Structure formats: structure tokens, C-alpha cells
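Biologist: Please put the model up so that we can go through it together. I will ask as we go.

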Amino acid sequence: MRYSGDWMVLADDRILEYIREKGSGRPKEMADSGYVRYSRGYISKRCRKLVTYGLLQDLGNGVYTITERGEKYLDGEIDTSEDAPDEVQSPFENEVDSHNGQEQA
């Protein structure tokens with residue numbers, strides 16, 4: 001499960017997925033691929049926003065790569081809400097083992 005911040009839109013997930021799959025990407029390539037079904041201009045705008053939040057890295061010349069933070073977001077390991085802690089706690093952490101009454105890690 002992904003934890004999207006209020007600032008994120010559906011295009012952001014598609015952009016991150018595309019770049020993770022391809023290793024890097026340019027807004028024109030993403031628009032032409034059909035996977036990210038938005039205009040090149042809009043994709044470029046969203047890439048800049050994703051760079052601001054640390055999910056993408058701008059390599060210059062319109063080329064972007066995904067960051068470790070971006071990978072963690074796609075894997076559901078972090079919450080990108082501005083007021084949320086980065087790490088997402090598993091709902092199963094700190095459960096008490098019903099057999100011996102001790103916490104499980």
C-alpha cells in the first residue's frame with residue numbers, strides 16, 4: 001500500500017513507476033510511451049515537483065532518475081505526507097504473542 005501525500009496526483013505514481021522500470025526517463029519519452037498518459041509539459045512539471053520532494057533526481061538535460069526515497073515510496077515503505085514521519089510503521093509491529101504474552105518484533 002502506498003502512502004501518498006496530499007500534494008501528489010495519479011501522474012506521479014505513473015512517472016515513478018516508469019522511471020523505476022526504465023532506469024531513467026525524459027518527459028517526452030514518458031508521454032510518447034503511452035504509459036504516462038499526460039502531456040510532456042505536465043509530466044515535466046510533475047517531475048520537478050517530485051524532485052522537490054526527493055522522489056526523483058534531475059540529472060540535467062531533462063533526464064530524471066528515481067531516488068532511494070522514491071523507491072521506498074513505491075514499495076509502501078514511506079509516507080509522503082508533509083506532516084507524516086518518513087518511515088511507515090507496520091501494522092503488525094509490537095504485537096503481543098498470545099502464546100507467551102511477549103511482544104514480537
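Modeller: I would start at the hairpin of S1 and S2, where 2 residues lie between the strands and Asn61 takes a positive phi near 55°. Before going further, note that this is a predicted model, in which local features need pLDDT of at least 70 and side-chain atom pairs count only at pLDDT 80 or more, while totals for chains, interfaces and linings use all residues. Residues are numbered from 1 along each chain as its sequence is written, and side-chain values use heavy atoms, with hydrogens and water left out.

Biologist: Where does Asn61 lie?

Modeller: Asn61 sits in the loop between strand S1 (56-60) and strand S2 (63-66); helices here are DSSP runs of H or I with at least four residues, strands are runs of E with at least two, and both are numbered from the N terminus. Most residues other than glycine have a negative phi.

Biologist: And is Asn61 buried or exposed?

Modeller: Asn61 is exposed, at a relative accessible area of 73%. The classes are buried under 20% relative accessible area, exposed over 50% and partly exposed in between, with a 1.4 Å probe and protein chains only.

Biologist: How many bridges join S1 to S2?

Modeller: There are 4 bridges, and the two strands run antiparallel; strands are taken to pair if DSSP finds at least two bridges between them. Within this pairing, Gln57 stands opposite Thr65 in S2.

Biologist: Stepping back, what does the order of elements look like from the N terminus on?

Modeller: The protein chain has 4 helices and 2 strands, in the order α-α-α-β-β-α. Of its 105 residues, 34% count as buried. Among contacts with a separation of 6 or more, 46% are made by residues 24 or more positions apart, where contact means heavy atoms within 4.5 Å.

Biologist: Now H1. How many residues has it, and how far does it reach?

Modeller: Helix H1 covers residues 10-22, which is 13 residues, and reaches 19 Å from its first C-alpha to its last, close to the 18 Å expected; that expected span is 1.5 Å times one less than the number of residues. Just after H1, Gly23 has a positive phi of about 95°.

Biologist: Which residues in H1 are buried, and what do they pack against?

Modeller: The buried residues are Ala11, Asp12, Asp13, Ile15, Leu16, Glu17, Tyr18 and Ile19. They pack against helix H2 (27-33), helix H3 (40-52), S1, S2 and helix H4 (68-74).

Biologist: There is an aspartate in that list, Asp12; what does Asp12 touch?

Modeller: Leaving out residues up to four places away in sequence, Asp12 touches Trp7, Arg46 and Leu50. Its relative accessible area is 0%, so Asp12 is buried.

Biologist: Which residues in the largest nonpolar core touch the most other members?

Modeller: Those are Ile15, Leu16, Ile19, Met30, Leu50, Leu55 and Leu56, out of 18 residues; a nonpolar core is a set of buried Ala, Val, Leu, Ile, Met, Phe, Trp, Tyr and Cys residues joined through side-chain atoms within 4.5 Å. H1, H3, S2 and H4 each give two or more residues to this core, and the largest share, 4 residues, comes from H1. As for Met30, its contacts beyond four places in sequence are Ile15, Tyr18, Ile19, Gly25, Tyr35, Val36, Ile43 and Cys47.

Biologist: Changing topic, to what does the count of salt bridges come?

Modeller: It comes to 9 salt bridges, each a side-chain nitrogen of Lys or Arg within 4 Å of a carboxyl oxygen of Asp or Glu. In one of them, Arg2 pairs with Asp13, the closest N and O atoms being 3.2 Å apart. Arg2 lies in the segment before H1 and Asp13 in helix H1, so this pair ties together parts 11 residues apart in sequence. Arg2 is partly exposed at 29%, whereas Asp13 is buried at 11%. A network of salt bridges links Arg2, Asp13, Arg14 and Glu17.

Biologist: What about the pair Lys72 and Glu68?

Modeller: Their side chains meet in a salt bridge at 3.7 Å, N to O. Lys72 and Glu68 are 4 residues apart in helix H4, so about one helical turn separates them. Lys72 is partly exposed at 24% relative accessibility, while Glu68, at 58%, is exposed.
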